[in-house]
Amino acid sequence: MSDRTTHWQNVYATKSETEVSWFQASPAISLEMIRAASPDRAAAIIDIGGGASRLVDALLQGGYRNLTVLDLSANALDTAKKRIGATASTVDWIVADATTWRPAKTWDVWHDRAAFHFLTDTRDRAAYVERLRSAVAPGGHVIIATFAPDGPEKCSGLPVQRHDSASLSAELGPEFELVETRGETHHTPWHSTQAFQFSRFRRRS
């Protein structure tokens, strides 16, 4: 088990989903961007670093039926499965590191809120993007949300790499065109604020 996996397993073993700074009761911007990217409810959507996020609940409630959630922490995914109940069996749950995982199919939408910014090593970011390129279908969309340039420098005791749409464009390369970018002031469960940015890209066909 890698140090990264051990860290996140411990986080979700010792804290409830509402006791982490990134908790959102309603992932509004993610939902809006996913709907804009792919209104077809049969679209294949993967949530990278989805953990115990309530995005999958909202997507299921919205009629999306081809969903995958990937996370390092089995504990996090178990939390989400228990919360969702019987419908969880319709979701593909993958315990893996997005920098070493081998995608077995392609998706129409790749969504990542607050996972990519933990990749502070250039090699890890390159490995992540390599997986992304093999996993996103031509014409598919990539949504990545990270701390903005004026956001926190650490999260969960770990350093982060802050981004804007320009730095993400440089990471993804020219085959991905920027469609939209939005800022968000995230309110943590303990009423502090964090500056996020959400950027959506389309893979050129």
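## Cavities

The lining of the largest cavity comprises 19 nonpolar, 8 polar and 7 charged residues. The model is predicted, and it holds 2 cavities of 30 Å³ or more. The largest cavity has a volume of about 560 Å³. Its lining is made up of 34 residues, and those nearest the centre are Gly49, Asp71, Arg113, Ala114 and Ala115. At least two lining residues come from each of α1 (3–14), β1, β2 (66–71) and β4. The most are given by α1, with 3 residues.

The second largest cavity has a volume of about 50 Å³. Its lining consists of Ile45, Ile46, Asp47, Leu55, Val56, Leu59, Leu67, Thr68 and Val69. By class, these divide into 7 nonpolar, 1 polar and 1 charged. Each of β1, α3 (55–61) and β2 supplies at least two residues of this lining.

## Two residues with positive phi

Ala114, one of the residues nearest the centre of the largest cavity, lies in the loop between β4 (107–113) and α5 (122–135). Its phi is near 75°, a positive value in a residue other than glycine. Ala114 has a relative accessible area of 12%, under the 20% limit, and therefore counts as buried.

His191 also has a positive phi, near 70°, and is likewise a residue other than glycine. It is found in the loop between β8 (176–187) and β9. With a relative accessible area of 72%, over the 50% limit, His191 is exposed.

## Helix α5

The end C-alpha atoms of α5 are 20 Å apart, which agrees with the 20 Å that its 14 residues should span at 1.5 Å a residue. At the start of the helix, a side-chain oxygen of Asp121 comes to within 2.7 Å of the backbone nitrogen of Arg123.

The buried residues of α5 are Arg125, Ala127, Tyr128, Val129, Arg131, Leu132 and Ala135. Among the elements that cover them are β1 (44–48), β4, β5 (136–147), α6 (165–172), β8 and β9.

## Ser199 in strand β9

Strand β9 (residues 193–203) contains Ser199. This serine counts as buried because its relative accessibility is 0%. The side chains of Ser199 and Gln197 are joined by a polar contact of 2.6 Å.

Leaving aside residues up to four places away in sequence, Ser199 touches Met33, Val142, Ile143, Ile144, Ser165, Leu168, Leu178, Glu180 and Thr181.

Conventions: Residues are numbered from 1 along each chain as its sequence is written. This is a predicted model: local features need pLDDT of at least 70, side-chain atom pairs count only at pLDDT 80 or more; totals for chains, interfaces and linings use all residues. Side-chain values use heavy atoms; hydrogens and water are left out. Helices (H or I, at least four residues) and strands (E, at least two) are DSSP runs, numbered from the N terminus. Buried means under 20% relative accessible area, exposed over 50%, partly exposed in between (1.4 Å probe, protein chains only). A polar contact is a pair of N or O atoms within 3.5 Å; within protein, one must be able to donate a hydrogen and the other to accept it, and residues adjacent in sequence count only if both atoms are side-chain atoms. Contact means heavy atoms within 4.5 Å. The expected span of a helix is 1.5 Å times one less than its number of residues. On a 1 Å grid over the protein atoms alone, a cavity is a set of points where a 1.4 Å probe fits but cannot get out, and a pocket is an open set with protein on both sides within 12 Å along at least five of seven lines; lining residues have an atom within 4 Å of a point. Grid points are joined across faces, edges and corners, and a volume is the space filled by probe spheres set on the points. Ala, Val, Leu, Ile, Met, Phe, Trp, Tyr, Cys and Pro count as nonpolar, Asp, Glu, Lys and Arg as charged, and the others, Gly among them, as polar.
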